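Reader: I would like to learn how to read some local features of a structure. Please show it to me, and we can begin with a side chain.

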Amino acid sequence: MTKLLFIKASPRNAGSKSNALAEAYLDVLKQRQSDLAIDVLDLAKDRIPEFDGNKVAAKMAILAGEGPTGAAKTAWDEITEVANRFIAADRYLIATPMWNGGIPYRLKQYIDVIHQPGLLWGLDPKTGYFGLLKDKKAVLALTAGAYALTQPAPAFGIDHQSTYLKDWLNQAGVVDIKEIRFQPSLLTADPEGDFKAAAAKAQELASQS
Ligand SMILES: Cc1cc2nc3c(=O)[nH]c(=O)nc-3n(C[C@H](O)[C@H](O)[C@H](O)COP(=O)(O)O)c2cc1C
């Protein structure tokens, strides 16, 4: 069985183009991989814990090589539970719009919760960060209203969306990352036609997986 974690970052439900693009990819992948077990994490609906003072204390204790105690221990247990769902997956499908050049805050909150020492990464004082995840694959389904790879920057925006996600995944040890893009989704004369073309590319990628 291959476990795929489908993370949805847009709050636009059925209207979401990033979700629709990811679904186009998934439709073909499901046909090709009958053993696929899909876990859907909808960040607009599913509760992600706040990264509050107790969570920070827990992270600092772990970094200092101490076991968190009291409220920090409870916070660490909560972090571990959320992170373990991520760690359990073999593949990631992350659907996200660009928001203000970057990613929506709930996706950032999720990353802040799960990206922890001893769970997703380690730090060697001599060589730096190293990822603890091995043999995972990720696909990013990316939308943006005005930004596109072909539009001049910075007038149409700068991509802190894909670059941030790739840096984060790399640091966790996920290096096999593919992108599918529907960009621009708004600043186009033919949004429907462009979406169809993007969905076809997504399906082509899935057919090669
Ligand atoms: C809060 C917010 C911020 C946005 N910021 C940007 C941006 O910086 N650059 C851009 O090109 N589009 C931006 N957009 C447009 C969305 O990226 C675009 O509409 C995208 O297709 C939405 O994807 P979705 O349908 O999956 O929600 C923004 C939209 C919202 C709601």
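Author: Take Lys 73, which is partly exposed, with a relative accessible area of 39%. Buried means under 20% relative accessible area, exposed over 50%, and partly exposed in between (1.4 Å probe, protein chains only). This is a predicted model, in which local features need pLDDT of at least 70, side-chain atom pairs count only at pLDDT 80 or more, and totals for chains, interfaces and linings use all residues. Residues are numbered from 1 along each chain as its sequence is written, and side-chain values use heavy atoms, with hydrogens and water left out.

Reader: With which residue does Lys 73 form a salt bridge?

Author: A salt bridge is a side-chain nitrogen of Lys or Arg within 4 Å of a carboxyl oxygen of Asp or Glu. Here Lys 73 pairs with Asp 77, and their closest N and O atoms are 2.9 Å apart. Both sit in helix H3, 4 residues apart, so about one helical turn separates them. Helices (H or I, at least four residues) and strands (E, at least two) are DSSP runs, numbered from the N terminus. Asp 77 is also partly exposed, at 37%. Elsewhere, salt bridges with shared partners join Asp 159, Lys 166, Glu 179 and Arg 181 into one network.

Reader: How many salt bridges does the structure hold?

Author: The structure holds 11. One of them joins the side chains of Asp 39 and Arg 85 at 2.9 Å, N to O. That pair links distant parts of the chain, 46 residues apart: Asp 39 is in strand S2 (residues 36-42) and Arg 85 in helix H3 (residues 70-87). Asp 39 is partly exposed at 29%, and Arg 85 is partly exposed at 33%. Another salt bridge, between Glu 78 and Arg 47, has an N to O distance of 3.6 Å. Glu 78 lies in helix H3 and Arg 47 in the loop between S2 and helix H2 (53-63), so this pair ties together parts that are 31 residues apart in sequence. Arg 47 is exposed, with a relative accessible area of 63%, whereas Glu 78 is partly exposed at 26%.

Reader: Which residues are closest to the ligand?

Author: The test for being near a molecule is a residue heavy atom within 4 Å of it. The ligand is surrounded by 18 residues, the closest being Ser 10, Ser 16, Lys 17, Ser 18 and Ser 185. A polar side-chain atom of Arg 12 lies 2.8 Å from a ligand oxygen atom. A polar backbone atom of Gly 101 is also 2.8 Å from an oxygen atom of the ligand.

Reader: Is Thr 143 buried or exposed?

Author: Thr 143 counts as buried, at 5% relative accessibility. Its place is in strand S6 (residues 137-143).

Reader: Where are the cis peptide bonds, and which residues have a positive phi?

Author: Most residues other than glycine have a negative phi, and most peptide bonds are trans. In this model a cis bond joins Ala 153 and Pro 154, with omega about 5°. Another joins Gln 183 and Pro 184, with omega about 0°. Asn 13, not a glycine, has a positive phi of about 45°. Asp 135, also not a glycine, has a positive phi of about 60°, and at 78% relative accessibility Asp 135 counts as exposed.

Definitions and conventions: A polar contact is a pair of N or O atoms within 3.5 Å; within protein, one must be able to donate a hydrogen and the other to accept it, and residues adjacent in sequence count only if both atoms are side-chain atoms.
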